[in-house]
Amino acid sequence: MSSLKKIKIIKPDDWHVHLRDKKILKKVLRYTEMFYQRAIIMPNLNKPITNCKRAIAYKHRILQATQINHTQFEPLMTCYLTKETSLKELKYGFLQKIFIGAKLYPNKCTTNSETGINKISEIFHILELMQKIKMPLLIHAEDNNVDVDIYDREANFLETTLIPLRKKFPELKIVLEHITTKEAVAYIEESNPLYLAGTITPHHLMLNRNNMFINGIQPNLYCLPILKRKKHQNALRQAISNGSMNFFLGSDSAPHIYRNKISLFGCAGIFNAPSSLLCYITIFEEMKALKYFESFCSKNGPNFYNLPINQNTITLIKKPCKILKKINLGKDSILPFLSGETLKWSIL
Ligand code: DOR
Ligand code: ZN
């Protein structure tokens with residue numbers, strides 16, 4: 001019998017992932033479906049997913065690209081909010097289960113957010129409907145005012161936008177995506193998990209802003225919200241170690257081709273799908289919090305979204321796993337997070 005440590009958990013879901021489209025989709029999807037049963041698919045394609053027709057067609061393309069078993073992996077689609085979003089369309093999409101929620105990108109805050117929201121008051125009528133029908137709002141929670149220091153954008157957004165917004169819509173179900181600061185942790189921790197939750201990425205748990213500038217500049221680690229100081233990294237690590245139901249897994253795996261990352265005006269995003277779950281277990285083990293690993297990965301998310309908990313399980317084993325160096329894409333390639341490095345945990 002093997003004496004290697006093994007952990008069997010309910011198969012996790014990834015509550016925030018970018019799969020892109022076409023050639024990239026075909027190459028990256030296999031990693032998400034290997035580790036996750038369901039995933040919330042971000043709508044920020046070059047032509048964003050702003051209505052039911054585009055969501056249905058995109059979901060179909062994702063299912064067509066699945067490798068393992070068409071019936072296994074379930075993509076959960078989101079609607080990209082603009083000030084033109086039709087109330088009728090949004091309501092129909094949610095009630096017909098085409099959309100699991102809607103995504104709010106502040107204008108120009110990240111990849112493909114040029115048609116995002118300028119002023120939150122532009123969409124109060126949409127948020128009122130969402131509160132009424134209990135449709136979750138997923139927020140890229142950063143202040144898009146270019147005068148605000150990039151390291152303060154999340155904390156500023158909480159003060160200037162989110163807190164007043166939650167006073168106006170106290171029963172709107174909100175997920176703060178990829179939180180990065182102690183301020184976000186503290187605010188979410190003191191909120192009712194029925195109405196406010198946060199997703200946390202493996203890279204914001206493993207790294208802080210120093211990592212971007214060690215051994216020369218590391219554009220592969222540039223993501224948004226940007227990596228913060230170590231005290232914020234520690235607050236995130238502490239948050240998942242307390243077993244709070246307000247936090248769950250959202251990898252924010254965001255592939256970009258190598259030449260668009262390693263260039264002037266390089267893109268924000270870290271492609272972590274091949275290692276995300278292995279990173280999370282490593283951190284839970286380091287934090288001596290393995291007893292909360294399964295709820296973070298597989299229970300808190302479905303509870304927030306009112307979905308059943310998965311039936312399947314997955315087993316992770318404490319055996320070294322080398323992360324692949326790169327993914328070839330014709331003349332291009334994609335560099336995975338932790339490319340070529342070895343993690344302590346593998347999938348069985
Ligand atoms: O780093 C990021 N990449 N942050 C985001 O918010 C978007 C994502 C992307 O789509 O590339
Ligand atoms: Zn994202």
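The model is predicted, so local features need pLDDT of at least 70, side-chain atom pairs count only at pLDDT 80 or more, and totals for chains, interfaces and linings use all residues. Residues are numbered from 1 along each chain as its sequence is written, chains are lettered from A and ligands numbered from 1 in the order in which they are written, and side-chain values use heavy atoms, with hydrogens and water left out.

I begin with the ligand. Ligand 1 is surrounded by 14 residues, where a residue is near a molecule if one of its heavy atoms lies within 4 Å of it. The closest are Arg20, Asn44, Thr111, Leu224 and His256. I turn next to polar contacts, that is, pairs of N or O atoms within 3.5 Å; within protein, one atom must be able to donate a hydrogen and the other to accept it, and residues adjacent in sequence count only if both atoms are side-chain atoms. Histidine 140 places a polar side-chain atom 3.1 Å from an oxygen atom of ligand 1. From the backbone, a polar atom of alanine 268 is 3.0 Å from a ligand oxygen, and one of glycine 269 is 3.3 Å from a ligand oxygen. The protein covers 100% of the 290 Å² of accessible area that ligand 1 has on its own, by the Shrake-Rupley method with a 1.4 Å probe.

Proline 225 lies in the loop between α7 (202–206) and α8 (230–241); helices are DSSP runs of H or I with at least four residues, strands are runs of E with at least two, and both are numbered from the N terminus.

Most residues other than glycine have a negative phi, and most peptide bonds are trans. Which value does phi take at lysine 22? Phi of lysine 22 is near 50 degrees, a positive value. Lysine 22 belongs to helix α1 and counts as exposed, at 65% relative accessibility; exposed means over 50% relative accessible area, buried under 20%, and partly exposed in between, with a 1.4 Å probe and protein chains only. Histidine 178 also has a positive phi, near 35 degrees. Histidine 178 sits in the loop between β7 (174–176) and α6 (182–189) and is buried, with a relative accessible area of 2%.

Returning to helix α1, residues 22–35, there is a kink of about 35 degrees centred on valine 28; the bend at a residue is the angle between axes fitted to the seven residues ending there and the seven starting there. Val28 is itself buried, and the other buried residues in α1 include Ile24, Leu25, Leu29 and Phe35.

Finally, the strands. Where does the side chain of threonine 78 reach? The side chain of threonine 78, in strand β4 (residues 74–80), reaches the backbone oxygen of isoleucine 41 at 2.7 Å. Isoleucine 41 is in strand β3 (residues 38–41). Threonine 78 is buried at 1% relative accessible area, and isoleucine 41 is buried at 1%.
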